[in-house]
Amino acid sequence: MLGIVNYQVGNLASVKNAVLRLGEKVEIESNPYNLKNYDRLILPGVGAFGDAMEHLRNSGMQEAVLEFVKSGKPLLGICLGMQLLFQKSYEFGEHFGLGLLEGEVVKFNFDNSVKKIPHMGWNVVHKKMESPLLQDLDSIFYLYFVHSFYVKNLENAVGVSNYGVDFASIVQKENIFGIQPHPEKSHNVGLRILKNFIEL
């Protein structure tokens, strides 16, 4: 069974609908005590990093997610959910994340006449190394992005993109996975990534 973590910050319905299209059973879970009952979890996220971490803490989901990861079961962070996996973000101040992956989340920093912020639309992902999340995908593929902040540490990147600077678009470390673009908005390639996660 696949669970989507509900901590009042995220695009829950579209992620659930994408999973349902793949024929998988999925539940939006609001009770942190129930996370341990799932085989896999998706951590979505839309909005500001600091607010999201506050919601995770106040809902009891932060501790529950960390315990889930310790169990060895797969976790997938999507968009802001991926950024929360890291140590720290500088979005509207300085905020600590879940600390599951090393690295910091910083803002795209260039003149808007050169590149618009947020980074929005389709962009190329270069497969940096093999990952079960990217099984059956070409070495270069397109996904749909919407974000103003990015992970600059490429240490755990299995997919790298460029928007004025190289950044980690897909990450993996053991049972921890993250994807900066929105697979639920990325048509067949995005659905393939979700299917790969479901089949882990």
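With which residues is leucine 98 in contact, leaving aside its neighbours within four places in sequence? The legends below take up this question after an overview of the chain.

**Figure 1. Overview of the predicted chain.** This is a predicted model in which local features need pLDDT of at least 70 and side-chain atom pairs count only at pLDDT 80 or more, while totals for chains, interfaces and linings use all residues. Residues are numbered from 1 along each chain as its sequence is written, and side-chain values use heavy atoms, with hydrogens and water left out. The chain holds 5 helices and 13 strands; helices (H or I, at least four residues) and strands (E, at least two) are DSSP runs, numbered from the N terminus. Its radius of gyration is 15 Å, close to the 16 Å of the globule rule for 200 residues, so the chain is as compact as a globular protein of that length. That radius is taken over C-alpha atoms, and the globule rule is 2.2 Å times the number of residues to the power 0.38. Along the principal axes, the C-alpha atoms fill a box of roughly 45 × 40 × 30 Å. Of the 200 residues, 53% count as buried (buried means under 20% relative accessible area, exposed over 50%, partly exposed in between; 1.4 Å probe, protein chains only).

**Figure 2. Leucine 98 and the largest nonpolar core.** Leaving aside neighbours within four places in sequence, leucine 98 is in contact with Leu43, Met53, Leu56, Gln62, Val65, Leu66, Leu84, Leu85 and Phe86, where contact means heavy atoms within 4.5 Å. The largest nonpolar core has 33 residues, and Leu98 is among those with the most contacts inside it, as are Tyr7, Leu43, Leu84 and Leu85. A nonpolar core is a set of buried Ala, Val, Leu, Ile, Met, Phe, Trp, Tyr and Cys residues joined through side-chain atoms within 4.5 Å. Elements giving two or more residues to this core include strand E3 (40-43), helix H2 (49-59) and helix H3 (61-70). H3 provides the largest share, 5 residues. Apart from this core lies another, of 32 residues, among them Ile78, Val106, Leu191 and Leu194. In soluble globular proteins, nonpolar side chains tend to be buried together.

Figure 3. The unreviewed UniProt entry lists Cys79, His182 and Glu184; its positions are given in the numbering used here, feature names are shortened, and annotations may be inferred rather than shown by experiment. Although spread over 106 residues of sequence, the three cluster in space, with a largest C-alpha distance of 10.8 Å. Cysteine 79 lies in the loop between strand E4 (75-78) and helix H4 (80-83), and counts as buried because its relative accessibility is 8%. Beyond four places in sequence, cysteine 79 is in contact with residues including Gly45, Val146 and His182. Glutamate 184 is placed in the loop between strand E13 (176-179) and helix H5 (187-198) and is likewise buried, at 10% relative accessible area. The side chains of glutamate 184 and histidine 182 make a polar contact (2.8 Å). A polar contact is a pair of N or O atoms within 3.5 Å; within protein, one must be able to donate a hydrogen and the other to accept it, and residues adjacent in sequence count only if both atoms are side-chain atoms.

Figure 4. Valine 15 belongs to helix H1 (residues 12-21) and is buried, with 1% relative accessibility.

**Figure 5. Strand E3 and its partners.** Strand E1 (residues 2-5) pairs with E3 in the parallel sense over 3 bridges, and 3 bridges also join E3 to E4, which run parallel; strands pair if DSSP finds at least two bridges between them. Isoleucine 42 of E3 stands opposite isoleucine 4, and its bridge partner in E4 is leucine 76.

**Figure 6. An open sheet of mixed pairing.** This sheet has 4 strands in the order E6-E5-E7-E10. Strand E6 (95-96) and strand E10 (149-151) stand at the edges, each with a single partner strand, so one side of each is left without a neighbour in the sheet. Strand E5 (residues 86-89) and strand E7 (residues 101-107) are parallel and share 3 bridges; serine 89 has valine 105 in E7 as its bridge partner.
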